[in-house]
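Visitor: I have a model on my screen and would like to learn how to read it. Could you walk me through it, feature by feature?

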Amino acid sequence: MADMIRLTNMVFYAYHGTSPEERKTGHRFEVDIEVHNDLSRAGESDRLEDTINYTRLYNLTQDIFTSRTYNLLERVAYLLADRICEEFRPRNVVVRVRKMIPPIPGNLDHIEVVVEKGA
């Protein structure tokens, strides 16, 4: 099954982290979502109701990411994967969450957590 809808590099500013400083100042996060599902019906009908609405998927991601503060990226990624499975019933979903310029001594671009879940 190769059909998928992918939202890439959604950017949110949020306050997730374990240190008081991270929770106070916040960070830039990037989120990618791959939703694997059969898209043939939408491909034939050209009707929005026959596919996964991209705007709803984005809004759900934004809400989960910015409505609360969590200690771990793993928690945010799992919550997002669970909600996508509940709401859209895909065959599979892959969620990637990146914390840009993390508070780690050293030279790295980001930390990434990847969660894959089947419906």
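This is a predicted model: local features need pLDDT of at least 70, side-chain atom pairs count only at pLDDT 80 or more; totals for chains, interfaces and linings use all residues.

Visitor: Where does Asn92 sit, and which residues does Asn92 touch, not counting residues up to four places away in sequence?

Guide: Asn92 has its place in strand β3. Setting aside residues up to four places away in sequence, Asn92 touches Glu34, Val35 and His36, and also Glu116, Lys117 and Gly118. Its side chain and that of Glu116 are joined by a polar contact of 3.0 Å.

Visitor: Which pattern does the protein follow when read along the sequence?

Guide: The pattern is β-α-β-α-α-α-β-β, with 4 helices and 4 strands in the protein. The C-alpha atoms fill a box of roughly 50 × 25 × 20 Å along the principal axes. Among contacts with a separation of 6 or more, 61% come from residues 24 or more positions apart.

Visitor: What should I look for in the interior?

Guide: The general idea is that nonpolar side chains tend to be buried together in soluble globular proteins. In this model, 42% of the 119 residues count as buried. The largest nonpolar core has 29 residues, and those touching the most other members are Ile33, Leu57, Phe65, Leu80, Ile84, Val93 and Val95. Two or more core residues come from each of β1 (4-14), β2 (27-36), α3 (54-67), α4 (73-88), β3 (92-100) and β4 (110-118). The largest share, 9 residues, is from α4.

Visitor: Which residues does Leu80 touch, not counting those up to four places away in sequence?

Guide: Leu80 touches Val31, Ile33, Leu60, Thr61, Ile64 and Val95.

Visitor: Now a charged residue, please. Is Asp32 buried or exposed?

Guide: Asp32 is buried, because its relative accessible area is 10% and the cut-off for buried is under 20%. You will find Asp32 in strand β2. Its side chain reaches the backbone nitrogen of Asn9 at 2.7 Å. Leaving aside neighbours within four places in sequence, Asp32 is in contact with Leu7, Thr8, Asn9, Val94, Val95, Arg96 and Arg98.

Visitor: Asn9 has come up there. How do I read its backbone?

Guide: Look at phi. Most residues other than glycine have a negative phi. Asn9 has a positive phi of about 60° although it is not a glycine. Asn9 is found in strand β1 and is partly exposed, with a relative accessible area of 42%.

Visitor: What is phi of Ile101, and where does Ile101 lie?

Guide: Phi of Ile101 is near 45°, again a positive value in a residue other than glycine. Ile101 lies in the loop between β3 and β4. Ile101 counts as exposed because its relative accessibility is 66%, and exposed means over 50%.

Visitor: And how would I read the surface and the charges?

Guide: For the surface, take the total and then its make-up: the accessible surface comes to about 7,100 Å², and 46% of that belongs to carbon and sulfur atoms. For the charges, compare mean positions: those of the 16 positive and 19 negative charges are 5 Å apart.

Definitions and conventions: Residues are numbered from 1 along each chain as its sequence is written. Side-chain values use heavy atoms; hydrogens and water are left out. A nonpolar core is a set of buried Ala, Val, Leu, Ile, Met, Phe, Trp, Tyr and Cys residues joined through side-chain atoms within 4.5 Å. Buried means under 20% relative accessible area, exposed over 50%, partly exposed in between (1.4 Å probe, protein chains only). Contact means heavy atoms within 4.5 Å. Accessible areas come from the Shrake-Rupley method with a 1.4 Å probe; for residues, only the protein chains shown count as cover. Lys and Arg count as positive and Asp and Glu as negative; His and the chain ends are not counted. The place of a charge is taken as NZ of Lys, CZ of Arg, CG of Asp or CD of Glu. A polar contact is a pair of N or O atoms within 3.5 Å; within protein, one must be able to donate a hydrogen and the other to accept it, and residues adjacent in sequence count only if both atoms are side-chain atoms.
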